[in-house]
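Please keep the sequence and the structure in view while reading.

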Amino acid sequence: MNQKKNNLETSLENNDWQPGSWQSREAEQQASYPDEPALQAALKELAGLPPLVTSWEILSLREQIAQAQAGKRFFLQGGDCAESFNECNSDVITNRLKVLLQMSLALTHGLQKPVIRVGRFAGQYAKPRSSDVETRDGVTLPSYRGDLVNSVEFTPEARQPDPRRLIKGHASSSMTMNFVRALVDGGFADLHHPEYWNLSWVQHSPLAEEFQRLADSLGRAVNFMETISGRRAGVLKRVDFYTSHEALHLHYEQALTRKVPRQEGWFNLTTHFPWIGMRTAAIDNAHVEYFRGIRNPVGIKIGPGAEPAELQRLLKILNPESETGRMVLIHRMGASEIENILPPLIKAVQDMDSPVLWVCDPMHGNTETTESGIKTRRFRNIMLETETAIELHHQHGSHLGGVHLELTGENVTECTGGARNLNEADLKRAYKSIVDPRLNYEQALELSMLIVSKFEKLD
């Protein structure tokens, strides 16, 4: 342990990295601000604001990810594809938290191991785009890059990048985190009362009865444990809950990257778990340069174009000391591609003997557009990619340790299929996403139960 610590300290002391080192590299997917002085003023203000998370929370998450790498925990990451400032309200936040808690209940009960709960929120305000501009009816404007940058309305004023939105993004993230912490600390996640987590419309779900049996079973287990121990299991009144977002807007991330007392190195204090998207994961890219210097656990999205040798190079750059709890590889191949592409990547990582946590994102590789132009995902493809990922890791001596999902606690109809067998006609009924389609509550809970079922079949 002391040797590992000495290696870390030596690496950090010899490193010429600074939070702004990325500015010497090519930076993809960055906003183009027309008013540079206004941007610098906003960044200066942002750099003086309090952090959103703490270093000890980040290090605690690293410890739990290290346990997940060893197969002792399961990593559940979920939330909106892109948060909206307008949805920073108690109902949306509570429902989002509820669905993740209920999924973790199903996973904990079925997998018989603790679940790491990571919300894809409190900062998911920036989005990558396939083009810098969007054209409608002959009018071309800057693309919508998330509420952190501009507004979704298709007008010149709304689409102009506004640096004051960086300040609003910090405020909205802070309010979200404060409310989540208050809920969790106040007993919202008390395992003595899992029925409190129900959403108002869950009674109409085909899965309602199955989930009720699961909740009752867990309640009996908690009571039994307390009976034989003779004391109340107070630790079950609350759970650890962490936040994540794609660290896309590098000026924003840099402004909240800081050193803290009695800790070595730099921490990104916008979130516990930042990740690099597939579009910005090039070896010489600014995002990789930024990520190599922070001590947070970090994720890398890996798509169907990933090459084994490039993945090995990324791991050497981002985790040169092969530290546990540091690296999370989030593969997003698509149901039709995963069987051919994933095994060579698994072998490449095994050949390095570098600890990673493998996580499956079955959402992004399965996006399609209907004939009427609606973006959607088929639940059966999401399920198929998840089940195939579990099988492939098992067959190749690896282990799938988590899932990364775009979901909501709202009763939306954005993905087809699932327990209610939603079809294309249903999409128009409650399609609310401004970017990508999300699993609704029922579909998310159903997927968690299918994950449990698949792992049980492998035992």
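## Aromatic pairs

F121 and F241 are both buried, where buried means under 20% relative accessible area, exposed means over 50% and partly exposed lies in between, with a 1.4 Å probe and protein chains only. The model is predicted: local features need pLDDT of at least 70 and side-chain atom pairs count only at pLDDT 80 or more, while totals for chains, interfaces and linings use all residues. Residues are numbered from 1 along each chain as its sequence is written, and side-chain values use heavy atoms, with hydrogens and water left out.

Rings of Phe, Tyr and Trp (its six-membered ring) pair if their centres lie within 6.5 Å; planes under 30 degrees apart count as stacked, over 60 as edge-to-face and the rest as tilted. Seven aromatic pairs are counted by this rule. W17 and W266 make an edge-to-face pair, with 6.2 Å from centre to centre and 65 degrees between the planes. W17 lies in the loop between α1 (2–13) and α2 (36–47), and W266 in the loop between β6 (257–258) and β7 (267–268), 249 residues apart. Helices (H or I, at least four residues) and strands (E, at least two) are DSSP runs, numbered from the N terminus. Both W17 and W266 are buried. The ring centres of F121 and F241 are 5.9 Å apart and their planes are at 15 degrees, so this pair is stacked. Ring pairs also join W17, W266, Y290 and F291 into a cluster.

## Helix α11

Helix α11 covers residues 338–352, which is 15 residues. From first C-alpha to last, α11 reaches 21 Å, close to the 21 Å expected at 1.5 Å a residue; the expected span is 1.5 Å times one less than the number of residues.

Which residues of α11 are buried? They are I338, I341, L342, P343, L345, I346, A348 and V349. These buried residues pack against β9 (298–302), α10 (308–318), β10 (327–331), β11 (357–360) and α12 (379–395), contact being heavy atoms within 4.5 Å. An α-helix has 3.6 residues a turn, so residues three or four places apart point the same way.

## Positive phi angles

D353 follows α11 and has a positive phi, near 55 degrees. S322, a residue other than glycine, has a positive phi near 50 degrees. S322 sits in the loop between α10 and β10 and is partly exposed, at 29% relative accessible area.

N421 is not a glycine either, yet its phi is positive, about 55 degrees. N421 is placed in the loop between β14 (400–406) and α13 (424–427), and it counts as exposed at 58% relative accessibility.
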